[in-house]
Amino acid sequence: MPRPYETVADAVRTARAIVMQEGSALAVAARAGDDAALDAASCDLVSRIAQAILDAESEAMARTLVAADSSPIKRLSA
């Protein structure tokens, strides 16, 4: 079971990777003054951020389900 801070560290690493990849394309488009490229790079950045959020949410839900399945079921005796 991952420690709570590992999830935060993973999120920070993911955010950094997204900024390094998509942010550089955004900077290049801004420097070039190309409005179409700037719009496309902005959309790519937003899409990657949104996808990372959804992926993290799905992973957290999966971990919760696995944790719930692995805990023993308490049965009431008659």
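Predicted model: local features only at pLDDT ≥ 70, side-chain atom pairs only at ≥ 80, totals over all residues.
Biologist: How many helices and strands does the protein chain have?

Modeller: The protein chain has two helices and zero strands. Helix H1 covers residues 4-32, and helix H2 covers residues 35-70.

Biologist: Why is Glu-22 called buried?

Modeller: Glu-22 has a relative accessible area of 14%. A residue is called buried when this value is under 20%, so Glu-22 counts as buried. Glu-22 belongs to helix H1.

Biologist: What part of the protein chain do buried residues make up?

Modeller: They make up 6% of its 78 residues. The protein chain exposes about 6,500 Å², of which carbon and sulfur atoms supply 64%.

Biologist: Which residues is Glu-22 in contact with, leaving aside its neighbours within four places in sequence?

Modeller: Glu-22 is in contact with Asp-44, Leu-45 and Arg-48.

Biologist: What makes the pair of Glu-22 and Arg-48 a salt bridge?

Modeller: The side chains of Glu-22 and Arg-48 meet at 3.0 Å, N to O. The cut-off requires a side-chain nitrogen of Lys or Arg within 4 Å of a carboxyl oxygen of Asp or Glu, and therefore the pair qualifies as a salt bridge.

Biologist: Why can this pair be said to tie parts of the chain together?

Modeller: Glu-22 lies in helix H1 and Arg-48 in helix H2, so the pair ties together parts that are 26 residues apart in sequence. Glu-22 is buried, whereas Arg-48, with a relative accessible area of 30%, is partly exposed.

Biologist: How many salt bridges are there by this rule?

Modeller: The count comes to three. One of them joins Asp-10 and Arg-13, whose closest N and O atoms are 2.4 Å apart. Another joins Glu-59 and Arg-63, with the closest N and O atoms 2.8 Å apart.

Biologist: What separates Asp-10 from Arg-13 in helix H1, and what separates Glu-59 from Arg-63 in helix H2?

Modeller: Asp-10 and Arg-13 are separated by about one helical turn, because they are three residues apart in helix H1. Glu-59 and Arg-63 are four residues apart in helix H2, which means that about one helical turn separates them.

Biologist: Which class do Glu-59 and Arg-63 fall into?

Modeller: Glu-59 has 45% relative accessibility and counts as partly exposed. Arg-63, at 26%, also counts as partly exposed.

Biologist: What volume does the largest pocket have, and which residues are closest to its centre?

Modeller: The largest pocket has a volume of about 340 Å³. Of its 15 lining residues, the closest to the centre are Asp-10, Ala-11, Thr-14, Ala-52 and Ala-56. Helices H1 and H2 are the elements that give two or more residues to the lining, and H2 gives the most, with eight residues.

Biologist: How many residues of the lining are nonpolar, polar and charged?

Modeller: The lining divides into nine nonpolar, two polar and four charged residues.

Technical notes. Residues numbered from 1 in each chain as written. Heavy atoms only, no water. Buried < 20%, exposed > 50% of the residue type's maximum accessible area, 1.4 Å probe, protein only. Contact = heavy atoms within 4.5 Å. 1 Å grid on protein atoms, 1.4 Å probe; cavity = no way out; pocket = protein on both sides within 12 Å on 5 of 7 lines; lining within 4 Å. Points joined across faces, edges and corners; volume = space filled by probe spheres on them. Nonpolar A, V, L, I, M, F, W, Y, C, P; charged D, E, K, R; others polar. Areas by Shrake-Rupley, 256 points an atom, 1.4 Å probe, with all protein chains shown as cover.
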